[in-house]
Amino acid sequence: MTPDEIAALPRPLAFVLPGGGALGSYQVGVLRALTESGVTPDQLVGVSAGSVNAALFAWNGGLDGLDHMADIWRGIRRRDLMRVHPGRLAQAFAGQQPSFLDNRHGSSFLRRHLGNRVIEHSPLPLALVATDLSTGESVALTSGDTTAAVLASSAFPGVYPPIEIDGRTFIDGGVVADVPLDVTLALGVKSALVLSVPPLRADQPPRRALDILIRASSLGVEAHGRTMLRRPPAGLTVVELPAAPTALTTFDVGQSASMIEEGYEAARAWLARAQGIGTVVFRSTESAAVICTTTAKVQSPERGSVTEPL
């Protein structure tokens, strides 16, 4: 789909950034290709790892800002986000902790790059989507502390602790809405450009329990996303910028450099094609859901949640 065809879509236009853990680095390359082509959004909507990119991009627009984002992703190491403590694991198995890992290192990482910025001061309208653990509702965090909202949006259940905001308990937004089109429409958006991350490719079934759990979780999220794309809400034009399948998983930290380049080259090729060649535009006559918003507040590491592994 060419930049001119994107420019002809109904406005406002949102960039919708789904989750994908370590695969989120792919979106940085896609954002660079879009920026170089002059394609800009009126709204950013991020989920899970996509919320990290949405928040960073909101304050780091332009090519220089994307260079900074790429440097952040390339510099991530597993120890920045995931440190296993045997005592914590034992407490979690005994039902004394809400997660197997704590959030101290991930919280520090996010605070270092996002600081104390608040969502309502974002240069671009920004919504970070989390899941209410009590009701199962998708909630758009549209004001308050940005770091806390990212933590809420990317609290991978069981691995990292939930985060409390305004008396509500939140976990990863991708649990119920990895492609949150209803939420996007309710923000007043007319068109959505979905920056997909690479899905899992078909492969030999894993044998280890943890690998099976991770793959099953990813397959479920991907299936729900495909359903949402096929059945978008009424009044919203949806275009997916697709990605080729990969053997990497959401926990494969350390592949960011190659993923950024892959996303960049794929997006450039996609932007060079005319509509109808490798491009699907989704429209629907179904009714849309009503958005629910809340305010994100600063949380201490103990009460917060670290982001899903990037």
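1. Residues are numbered from 1 along each chain as its sequence is written. Local features need a pLDDT of at least 70 and side-chain atom pairs count only at pLDDT 80 or more, while totals for chains, interfaces and linings use all residues, and side-chain values rest on heavy atoms, with hydrogens and water left out.

2. The protein has 12 helices and 10 strands, taken as DSSP runs numbered from the N terminus (H or I over at least four residues for helices, E over at least two for strands). Of its 310 residues, 53% are buried, meaning under 20% relative accessible area with a 1.4 Å probe, protein chains only. Among contacts (heavy atoms within 4.5 Å) with a separation of 6 or more, 81% join residues 24 or more positions apart.

3. The average pLDDT, the predictor's confidence in each residue from 0 to 100, is 84, and 81% of the residues score at least 70. The value is below 50 over residues 285-293, a stretch with 26 contacts beyond near neighbours in sequence. Where pLDDT is low, the predicted coordinates should not be read in detail.

4. The axes of helix α7 (residues 104-114) and helix α8 (residues 146-153), which are lines fitted to C-alpha atoms over the stretch in contact, with angles from 0 to 180 degrees between N-to-C directions, come within 9 Å and cross at roughly 140°. The contact is made by Ser-107, Leu-110, Arg-111 and Leu-114 of α7 together with Thr-146, Thr-147, Val-150 and Leu-151 of α8.

Methods. Buried means under 20% relative accessible area, exposed over 50%, partly exposed in between (1.4 Å probe, protein chains only).
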